[in-house]
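Please read the points below beside the structure. They are written as a colleague's note.

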Amino acid sequence: MRNDGTVTLTVPAKAEFVDIIRLTLYGIAAKMKFSFEEIEDMKVAVSEACNNAVLHAYDHSQPGQIEVSFTIMNEDRLQIAVSDSGVSFEQVTDRTTSTLHGKSIDEIQSGGLGLYLMQALMDEVEIRSNQGTSVILTKRRLAQETV
Amino acid sequence: MQSEKLTFQTENLDGLTVVRIAGELDLEVASQMRSVMEPLMELSDRKLVLNLRDLKYIDSTGIGILISIVKARHARNAPFGVEEVPSTIQKLFDMTGITPFLAASPNA
Ligand SMILES: Nc1ncnc2c1ncn2[C@@H]1O[C@H](COP(=O)(O)OP(=O)(O)OP(=O)(O)O)[C@@H](O)[C@H]1O
Ligand SMILES: [Mg+2]
């Protein structure tokens, strides 16, 4: 697959920087002519990966960084890699990404939706874990522009 | 204490509190949302409705807060629901399965 360019951004792993990632994503995805709906999907998926890096990767006393790289592939595919160098994401395969479907009000709980949403909103989600976590999200533009 | 990012407008009607939430509900403003909602959640003799017409963004952080409101209201036997949900947000509610828990019971 042809790499048509990569934009990389490094931000502190803090909640107030996640919207900067969303703004950058918006700029790149709009330039690639993704649809409004596709961009909204990617905004949520990328934010989920960043939220996880903010909340789960680092010790609160020593916040680290999040590196996000956006790679444009074959003009119509955007790959977003969200990496932290915090605690490793153990037993990735054991994580049950469970929704609230079919549960009663007494069974539902907050939490555990982020990975599910990434999977539901992107075409591909890959999680790599070594000396930190990298979440690699890919989406292909569907709506073909009629120019 | 309200940031520009997320604003709240509370309207007290007869037996009903409507909170209009506008802006982006993300991790940065999650604690703000919780502290605005906490006192309102306790008013068990009133119906509580969140109007989401001007909500531009939500993710699992905000959905998690909604789940805790649903549970707190249920524990008090007090009605809670959302209205005027934008389609991009409704899609996330449907995906996660929270939708059936957000319908305020009628005439309550
Ligand atoms: N970058 C990361 N580093 C370390 N652990 C992680 C990372 N991302 C996710 N995890 C682990 O995976 C779990 C599941 O993540 P997921 O986003 O699905 O749910 P959550 O963050 O707990 O809740 P929610 O996203 O609904 O607010 C987390 O609770 C955490 O234990
Ligand atoms: Mg999460």
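The numbered points below go through strands, turns, loop residues, the cavity, a pocket and ring contacts in a predicted model.

1. Strand β3 of chain A. This strand covers residues 77-84, and seven of its eight residues are buried, so the rest of the structure largely encloses it. The burial cut-off used here is under 20% relative accessible area. On one side of the pairing list stands strand β2 of chain A (residues 65-73), which runs antiparallel to β3(A) and is joined to it by eight bridges. Within that pairing, A:Ser69 has A:Ala81 of β3(A) as its bridge partner. Strand β5 of chain A (residues 133-140) is also antiparallel to β3(A), again through eight bridges. There, A:Arg77 is bridged to A:Arg140 of β5(A).

2. The turn between β2 and β3 of chain A. These two strands make a hairpin, with three residues between them. A:Asn74, in the turn, has a positive phi of about 45°. A:Glu75 belongs to the loop between β2 and β3 of chain A, and its phi is positive too, at about 65°, although the residue is not a glycine. Most residues other than glycine have a negative phi, so values of this kind deserve a look during review. Is A:Glu75 buried or exposed? A:Glu75 has a relative accessible area of 54%, so it counts as exposed.

3. The hairpin of chain B. Strand β1 (residues 6-13) and strand β2 (residues 16-25) of chain B pair in the antiparallel sense, with eight bridges. B:Asn12 has B:Thr17 of β2(B) as its bridge partner. Two residues separate β1(B) from β2(B) in this hairpin, and B:Gly15 in the turn has a positive phi of about 70°.

4. B:Asn77. This residue sits in the loop between α2 and β5 of chain B. B:Asn77 is not a glycine, yet its phi is positive, at about 60°. With a relative accessibility of 71%, B:Asn77 counts as exposed.

5. A:Val18 is part of helix α1 of chain A, which spans residues 18-31. Its relative accessibility is 2%, so A:Val18 counts as buried. The C-alpha atom of A:Val18 is separated by 9.8 Å from that of A:Ala49, and the two residues are 31 apart along the chain. B:Val85 is in the loop between β5 (80-83) and α3 (87-96) of chain B. At 21% relative accessibility, B:Val85 is classed as partly exposed; the cut-off for buried is under 20%. Between the C-alpha atoms of B:Val85 and B:Leu52 the separation is 5.2 Å, although these residues are 33 apart along the chain.

6. The cavity. How many cavities of 30 Å³ or more are there? The count is one. The largest cavity has a volume of about 100 Å³. Residues of both chains line it, among them A:Glu37, A:Glu40, A:Asp41 and A:Val44 from chain A, and B:Lys56, B:Tyr57, B:Ile58 and B:Lys91 from chain B. At least two lining residues come from each of α2 (36-57) of chain A, β4 (55-58) of chain B and α3 of chain B. By class, the lining of the largest cavity holds six nonpolar residues, one polar and five charged.

7. The second largest pocket. Its volume is about 190 Å³. The lining of this pocket has 12 residues, and the closest to the pocket centre are A:Ile105, B:His74, B:Ala78, B:Pro79 and B:Phe80. Helix α2 of chain B (residues 60-75) gives the most to the lining of the second largest pocket, with three residues. The lining divides into eight nonpolar residues, three polar and one charged.

8. Ring contacts. A:Arg22 lies over the face of B:Tyr57, at 4.0 Å from the ring centre. B:Tyr57 is also one of the residues lining the largest cavity. How many aromatic pairs are counted over all chains? The count comes to zero.

Methods:
Residues are numbered from 1 along each chain as its sequence is written. Chains are lettered from A and ligands numbered from 1 in the order in which they are written. This is a predicted model: local features need pLDDT of at least 70, side-chain atom pairs count only at pLDDT 80 or more; totals for chains, interfaces and linings use all residues. Side-chain values use heavy atoms; hydrogens and water are left out. Rings of Phe, Tyr and Trp (its six-membered ring) pair if their centres lie within 6.5 Å; planes under 30 degrees apart count as stacked, over 60 as edge-to-face and the rest as tilted. A charge sits over a ring if NZ of Lys or CZ of Arg is within 6 Å of the ring centre and within 35 degrees of the ring normal. On a 1 Å grid over the protein atoms alone, a cavity is a set of points where a 1.4 Å probe fits but cannot get out, and a pocket is an open set with protein on both sides within 12 Å along at least five of seven lines; lining residues have an atom within 4 Å of a point. Grid points are joined across faces, edges and corners, and a volume is the space filled by probe spheres set on the points. Helices (H or I, at least four residues) and strands (E, at least two) are DSSP runs, numbered from the N terminus. Ala, Val, Leu, Ile, Met, Phe, Trp, Tyr, Cys and Pro count as nonpolar, Asp, Glu, Lys and Arg as charged, and the others, Gly among them, as polar. Buried means under 20% relative accessible area, exposed over 50%, partly exposed in between (1.4 Å probe, protein chains only). Two strands pair if DSSP finds at least two bridges between them.
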